[in-house]
Amino acid sequence: MQNITPRVFIVDDDEAIRDSISMLMKSVGFEHETFHNAQNFLDNYDVESFGCLLLDIRMPGISGLELQTKMKEMSLDLPIIFITGHGDVTMAVEAMKKGAVDFFQKPFRDQELLDRIGQVFERTQCKQQEQVEHQQVLNRQETLTTREREIMSLVVEGTGNKLIAAELGISQRTVEIHRANVMQKMHAHSLAQLVKMCFILEDCKQCQRPFNCTD
Amino acid sequence: MMAIAISASGLAITMLYHTAIKQQTIRLTESAQRQVRLLKAMSLNARFSAKSSPGKTFADSVLHDRGAHELFKGFGNTGVFVLAKRDGNQIHFIFSQTLPNTRVPASLDPPLIVPLAGPLPMHQALKGNSGSIITFDYRGVMVLAAFEPVAEFNLGIVAKMDMAEIRKPFLRAGILVTLATLLLVLLGTFLVRLIGTPLVSRLEENEQRLTAILDTAADGIITTDEHGLIRSFNQAAEHIFGYSSVEAIGNNITMLIMPIAEPYIGLQSSGEDHSNNLSSGNEREVTGLHKDGCWIPLEITVSEMQEKNARLKTCILRDITERKQSLAALYHREEELRLIFENAPVGVCICTLNGDILRANHAFCTLLGYTESELLAKDYPSIIHSGDLRKLQMSSRQLLVSPSDSFSLEISFVEKQGLNIPCMLRGSVINDKNGAPQLYVAHIEDRSEQLKTEQLVREHSERLAHVTRLSSMGEMATSIAHEINQPLSAIATYAAACQRLIDQDQPVPNEVPLTLEKIRTQALRAGDVIDRLRKFIRNRKSSRQQQGCYDLITDVISFAEVDAQYHQVIIHKELEPDLPSIYIDSVQIQQVIINLLRNAIDSMAKVLPPINKEIRLQVKRQGDKSIEIAVIDRGAGLSSESADQLFNPFFTTKPLGLGMGLSISRSIIDAHGGQLQYTSNPEGGCIFLFTLPIDPRT
């Protein structure tokens, strides 16, 4: 299970803005970090950390939109909420197209911003929960023998013990033993749970997604 | 030749000689016969009168005869008359009549007696023969003798003459003639040498020259007889037709020249009519046939000449293939030039120095809407705008005396319907060989499009300047907004944070007073920004000055006109008389009016007829203290929602608008102490009006 809490990363060249937002975050108990420009953020960002980026569009040096592009190039998967001093529709559209979560115009309503951050965090946590669960299922699957895997895939397809025995050329009794082992090793309390786990496994196989939170 | 002359004269002399001998012979014969008759007559006489004895009779007769003879003059120098008697075998010459100078005595006393055997003519006579003979006499001299017998007395009569005497004149004549002939021949030869040789050589030379001329003549020269048979054929003709002269001569000329060539018919026929057609020097084109079968275009000149009985025709032929080709090439080139002239994209017009139009190409005709013939009938002043006429005349005249070879002039032409067409005219002069001006050539380019383009460019650049100006205003506004937004945003966020801290059911954390302090700082920061902005606007006030309304409006319209024309919008000025002057920053106010006019033009751009695209720019007094300027359009108008937000920054109804124009305009008018308002036009469209205070000093 992951223990790191999500964090709000604030990037704005205006100190008052940075300070006031960090104050706001503090008031609601969000972990946060401030950076006075994009480069500073890139230099100090810990890839292991996660959460949400509050990004000013207009900044000297690397602008907010440029940072967004760079992060994409670097495969930094951090949700971005843009905060801008003036409404610029084209910029907003571009930012959203590139996958920004939201676009706030200064002065913004604090509750709206906080709600949005909350949503992002929730989503991030769900995702992480999911990832953890997937990893568990994968780990459990690793403990299965080849024969047990065979029997599991036949079981989730709804094949009866008799047929499995006939197909694999083993006795029905042996099938039953293997089946009980599979249920135990996979921590499945019902056939339905097993089926669900198999779906997850199927998903993982398809996505070929590496799980980097395996501690 | 000399021999011929001599022999000819010799022959003539000989013939004369023979004739003379014959005549002499006849004379001698007659003489002899006369003598015989005389003797006979005398003997008869004697016999009758005297009845003398025969012997006496004879003697008397002879005596008489001798007497007669003595009276007889004889003939020539050597002519002799001899009477002889045969006496047995002897000849007894009785007498011989002779003239003085003769060798023979007139009377033979005693008579000469010779034997009968002599070869004498007397011999023949005594034998009883009569005739004539050329022989040697007893002296051994060749004589011509006629002999007659007198049978009664046994006498013979001979009349003889020395051949030498007869020959003598002939010999002399012969020698003379020969000499004369020799002399003549020599003289002739000399003369021939003297005169003939140069003459001949000259003739020869002439002939050679003629032959050379014929052979080196560039033109083919063929002579034919009246039937068309070729008599001569020179080298050039050989070259033209490919036949050698040997092949050609004797053939009919129709072999060489197309019989269908009508002018040549005269050559073949001997009829007078045709030859009359072919008067000398008549050049015609005919088609010749080369030996290899090719047709050759020829130019033929036929002349006729009379040679003894024959009428000859001389045909001078020239191969005009090259000329034809070069003519064709020339024609082609001319055609090309004509096409270039005709199809030139610019108008081209050729005029005399007096300005009469000689030629005008299609583009020029099209430009003016005339046909070429209509245009050629026109006077040049009638197609040129009267105001430009003098300019053109001056430039044209200048061109004739100045070293430059062309001039460019912007002038307007008047087309058929009377409309003016602005053109660029490039005039140049064509000089003749001696460099004297001959013609004007004018290139006329329609500048309407160019002007339109120029106008567009100008308009675009103006627009660009306008947009730049506006966008810099927009930029300023944006940065002001941003600058104010920053502290406001910080204040809001700080406040929110404080509120949350306070809301937590805990004693107020230490941060709250600190944060309140920060809020105050940010509020002051925002105030600073606004102060800066105010200062900025205050700085702009310095450029205000007194300005007449009319000038202001005129300036404004000159700026807006371009845009208006482009969109085919007409701006009507409606200015009250006696408008006071106003105290304004004229650039700013112009900007405001132009902005309003542009909005009006834009709003009318989409409007279609029947509504007239008209904008009314009204200026009138409003009370004593201000004037009111209104821009009234008949455009699309505004919805009520739009009307509410009209003066908000960033509000725009234009796809590319910045939404700053009206907001800035309002602030400018505000700064001038006036008011900018919008009302909808009851006729459709918008009315923007603003007031400006009258300059109190007026």
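Two residues are in contact if their C-beta atoms, placed from the backbone, lie within 7 Å. On that criterion, the contact between the chains takes 17 residues from chain A and 20 residues from chain B. The model is predicted: local features need pLDDT of at least 70, side-chain atom pairs count only at pLDDT 80 or more, and totals for chains, interfaces and linings use all residues. Residues are numbered from 1 along each chain as its sequence is written, while chains are lettered from A and ligands numbered from 1 in the order in which they are written.

**Chain A overall**
- Chain A holds nine helices and five strands, where helices (H or I, at least four residues) and strands (E, at least two) are DSSP runs numbered from the N terminus.
- Along the sequence, these elements follow the pattern β-α-β-α-β-α-β-α-β-α-α-α-α-α.
- Of the 215 residues in chain A, 30% are buried; a residue is buried if 20 or more other C-beta atoms lie within 10 Å of its own, exposed if 12 or fewer, and partly exposed in between.
- Among contacts in chain A between residues at least 6 apart in sequence, 62% join residues at least 24 apart.

**The side of chain B that touches chain A**
- Helices α14 and α15 (511-540) of chain B each supply at least two residues of this side.
- The largest share, 16 residues, comes from α14(B).
- By residue class, this side divides into nine nonpolar, eight polar and three charged residues; Ala, Val, Leu, Ile, Met, Phe, Trp, Tyr, Cys and Pro count as nonpolar, Asp, Glu, Lys and Arg as charged, and the others, Gly among them, as polar.

**Helix α8 of chain A**
- In α8(A), residues A:Val175, A:His178 and A:Val182 are buried.
- These three cover an arc of only 65° around the axis, which puts them on the same side of α8(A); the arc is that of the directions from the helix axis to the C-beta atoms.
- On the other side of α8(A), A:Arg173, A:Ala180 and A:Gln184 are exposed.
- The buried residues of α8(A) pack against α6 (146-156) and α7 (161-168) of chain A.
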